[in-house]
Amino acid sequence: QVQLVESGGGLVQTGGSLRLSCAASGRTISSYAMGWFRQAPGKEREFVATTSWSGAVTSYAASVKGRFTISRDNAENTVYLQMNSLKPDDTAVYYCAVDPNPQDIVYGSSRASRYDYWGQGTQVTVSS
């Protein structure tokens, strides 16, 4: 069993930056792909970014590519999401998740159904 705790959310103005952290406990996440997702009020949860087990391969949703960066520190059992040039449309609860499927460890996955363990989320609000 893996427990995930997100932190780093908050209120920021348009154009600002935030760095989200996702600390894992209970089991090492170094062998798993990891992902960030978000859910805005009244909308479905959507993919944001994913990273391979090593962090060498990453992919992003088109809406955040070039502005967000996912990274991981396996020694610290932590995954990060650096968010720059934030927009009001980025306002959402952000979740990190573990993808335990061996087929996904090299490239990660953008499909929420591939992820088994989820954190409670951290609120990000971008004011205009």
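This is a predicted model: local features need pLDDT of at least 70, side-chain atom pairs count only at pLDDT 80 or more; totals for chains, interfaces and linings use all residues.
Strand β1 covers residues 3-7. Leu4 and Glu6 lie on its covered face, while Gln3, Val5 and Ser7 lie on the uncovered one. The partner of β1 is strand β3, residues 18-25. The two run antiparallel and are joined by five bridges.

**Strands β7 and β8**

Strand β7 spans residues 68-73, and β8 spans residues 78-83. Six bridges join them, and they too are antiparallel. Like β1, strand β7 has a covered and an uncovered face. The covered face carries Phe68, Ile70 and Arg72; the uncovered face carries Thr69, Ser71 and Asp73.

**The nonpolar core**

The largest nonpolar core has 33 residues. Those with the most contacts inside it include Leu4, Phe68 and Leu81; Trp36, Val48, Met83 and Tyr94 also belong to this group. Elements that give two or more residues to the core are β3, β4, β5, β7, β8, β9 and β11. Strand β9 provides the largest share, five residues.

Phe68 links several parts of this description. Leaving aside neighbours within four places in sequence, Phe68 is in contact with Val48, Leu81, Met83 and Tyr94, among others. Its contacts also include Arg38, Tyr60 and Asp90.

**Two loop residues**

Which residues does Asp90 touch, not counting those up to four places away in sequence? They are Arg38, Arg67, Phe68, Ser85, Val124 and Val126. Asp90 sits in the loop between β8 and β9. Ala62 is also a loop residue, placed between β6 and β7.

| Residue | Loop | Relative accessibility |
|---|---|---|
| Ala62 | between β6 and β7 | 74% |
| Asp90 | between β8 and β9 | 1% |

Is Ala62 buried or exposed? Ala62 counts as exposed because its relative accessibility is 74%, and exposed means over 50%. Asp90 is buried because its relative accessible area is 1%, and buried means under 20%.

Ala62 can also be placed relative to Phe47. The two are 15 residues apart in sequence, and their C-alpha atoms are 9.8 Å apart in space.

Notes:
Residues are numbered from 1 along each chain as its sequence is written. Side-chain values use heavy atoms; hydrogens and water are left out. Buried means under 20% relative accessible area, exposed over 50%, partly exposed in between (1.4 Å probe, protein chains only). Helices (H or I, at least four residues) and strands (E, at least two) are DSSP runs, numbered from the N terminus. Two strands pair if DSSP finds at least two bridges between them. A nonpolar core is a set of buried Ala, Val, Leu, Ile, Met, Phe, Trp, Tyr and Cys residues joined through side-chain atoms within 4.5 Å. Contact means heavy atoms within 4.5 Å.
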